[in-house]
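Please read this briefing alongside the sequence and the structure.

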Amino acid sequence: MSSEKIVAEKRTEFGKGAARRIRRENKIPAVVYGHGADPIHLSLPGHATMMALKNHGANALLELDIEGKTQLAMTKQVQIDDVRRVIEHVDFVAVRAGEKVTVDITIHVVGDAISGTMVVTDANTLTVEAEATHVPESLEVSIEGLEAGTQILAGSVTLPKGTTLVTDPETLVVNITEAKVIEEPVEDEATEDEEPTEDEAADEE
């Protein structure tokens, strides 16, 4: 995982009012936690931060330039406005090169199982441990040509070198079953054009 360089500014104003003022300047309020130090409150350039998080996923690693000093920080939580879909706040955890971190990695299912099957993804992420600067952005699970009855467990997912699985290896990731055929209901074959029976004709007189 490559890191993005972002120039950050320390902030001394807090609260909702201060956060709104920061956003009006097209900046994003953020906090860096970790390593037993006091939290560092920052404002980040809006567009550059948004693109970094978009390009590098949920565990984006940033090199924050804070008053000339570089701090490696991994994204922990991103708060997004439900209506405007803009970033409102970001929480980071401070990391060091060579340090091991435990993170959730998104699973991407690729390929197609054989015809007549149904593919169910039971786990969308796996928890792994990896070196902070080598966290995989995602994990691929191929189902190409697999038959009904195939189950892919967490322990069989290929991980990059240096990455260790934390999730229980027996966790079901993908389950391939036979597709259920829904039969259409059989309609009554009687039509309005059919001749009435003798009894029905007598009733009508």
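The side chains of His-56 and Glu-4 are joined by a polar contact of 2.9 Å; a polar contact is a pair of N or O atoms within 3.5 Å, where within protein one must be able to donate a hydrogen and the other to accept it, and residues adjacent in sequence count only if both atoms are side-chain atoms. This is a predicted model, in which local features need pLDDT of at least 70 and side-chain atom pairs count only at pLDDT 80 or more, while totals for chains, interfaces and linings use all residues. Residues are numbered from 1 along each chain as its sequence is written, and side-chain values use heavy atoms, with hydrogens and water left out.

**The protein as a whole**

- The protein has three helices and 13 strands; helices (H or I, at least four residues) and strands (E, at least two) are DSSP runs, numbered from the N terminus.
- Of its 205 residues, 31% count as buried, where buried means under 20% relative accessible area, exposed over 50% and partly exposed in between, with a 1.4 Å probe and protein chains only.
- Among contacts in the protein with a separation of 6 or more, 61% come from residues 24 or more positions apart, contact meaning heavy atoms within 4.5 Å.

**Helix α2 and His-56**

- His-56 belongs to helix α2, which covers residues 46-56.
- His-56 counts as buried because its relative accessibility is 9%.
- The buried residues in α2 are Gly-46, Thr-49, Ala-52, Leu-53 and His-56.
- Seen down the axis of α2, these buried residues fall within an arc of 140 degrees, so they line one face of the helix; the arc is that of the directions from the helix axis to the C-beta atoms.
- An α-helix has 3.6 residues a turn, so residues three or four places apart point the same way.
- The exposed residues His-47 and Lys-54 are on the face of α2 turned away from its buried side.
- Strands β1 (4-10), β2 (27-33), β3 (40-45), β4 (61-66), β5 (69-80) and β6 are what the buried residues of α2 pack against.
- After α2 comes Gly-57, with a positive phi near 80 degrees.

**His-89 in strand β6**

- Strand β6 (residues 87-94) contains His-89.
- His-89 counts as buried because its relative accessibility is 15%.
- The side chain of His-89 makes a polar contact of 3.3 Å with that of Asp-91.
- Leaving aside residues up to four places away in sequence, His-89 touches several residues, including Arg-11, Ile-28, Val-31 and Gln-77.

**Strand pairing**

- β1 and β3 run antiparallel and are joined by two bridges, and two strands pair if DSSP finds at least two bridges between them.
- Lys-10 stands opposite Leu-42 in β3.
- β2 and β3 also run antiparallel, joined by six bridges, with Lys-27 opposite Pro-45 in β3.
- The hairpin of β2 and β3 has six residues between the strands, and Gly-34 there takes a positive phi near 125 degrees.
- Three strands form an open sheet in the order β8-β13-β11, with antiparallel pairing.
- Its edge strands, β8 (117-121) and β11 (151-153), each pair on one side only.
- Five bridges link β8 to strand β13 (residues 172-178) in the antiparallel sense, and Met-118 stands opposite Thr-177 in β13.
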